[in-house]
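Biologist: Could you take one part of this predicted model and walk me through it slowly? I'd like to see how a single piece sits among everything around it.

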Amino acid sequence: MKTIITTDKAPQPIGPYSQAVLVGNTLYTSGQIALHPETGELVMDSIEVETTQVMKNLKAVLEAANMTFENVIKASIFISDMNSFGAINAVYAQYFNEATAPARETVEVANLPKFVNVEISVIAIK
């Protein structure tokens, strides 16, 4: 049995997908980009600002499922330029306890939705 998780505190889906799906005690989030949930505008002043908005969007989805970043067991990061990794990682690190940080992969890709620089999804467990 799956439960669809939605919140107006994160960008609304613009296609046939959900913000997140809860199956049992496992939450699978869709990838988040730096869309501001209230305006629908991209927040791309810098890679740090962009990554912060992505993490805020993920936080809102996690909270809608009564979870936090402490529940995250796996993260997937997609970036358009591996040279941005250090800046993205510095922002990402602010949301996790290094001693209990989730497993993760970071992949450079040719393009991302709306030609953003970073997209992140997570898997979390209650």
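Modeller: Let's go with helix H1, and start with what it hides: Ile47, Glu50, Thr51, Gln53, Val54, Met55, Asn57, Leu58, Ala60, Val61 and Leu62 are buried. Keep in mind that this is a predicted model. The helix itself runs over residues 47-64, which makes 18 residues. From its first C-alpha to its last it reaches 26 Å, close to the 26 Å expected at 1.5 Å a residue.

A handy rule for reading that list: an α-helix has 3.6 residues a turn, so residues three or four places apart point the same way.

Now, what do the buried residues of H1 pack against? They meet strands E1 (2-5), E2 (20-23), E3 (26-29), E4 (72-79) and E6 (118-125), plus helix H2 (85-93).

Some of those partners turn up again in the largest nonpolar core, a group of 28 residues in which Leu27, Leu62, Val118 and Ile120 touch the most other members. E2, H1, E4, H2 and E6 each put in at least two residues, and the largest share, seven residues, comes from H1. As background, nonpolar side chains in soluble globular proteins tend to be buried together.

Setting aside its neighbours within four places in sequence, Val118 is in contact with Ile47, Glu50, Thr51 and Val54, among others. Its other contacts include Ile77, Phe78, Ile79 and Ile88.

Finally, follow the chain just past the end of H1, and you'll come to Asn66, which takes a positive phi of about 60 degrees.

Note on methods
Residues numbered from 1 in each chain as written. Predicted model: local features only at pLDDT ≥ 70, side-chain atom pairs only at ≥ 80, totals over all residues. Heavy atoms only, no water. Helix = DSSP H or I, 4+ residues; strand = E, 2+ residues; numbered from the N terminus. Expected span 1.5 Å × (residues − 1). Buried < 20%, exposed > 50% of the residue type's maximum accessible area, 1.4 Å probe, protein only. Contact = heavy atoms within 4.5 Å. Core = buried A, V, L, I, M, F, W, Y, C linked by side-chain atoms within 4.5 Å.
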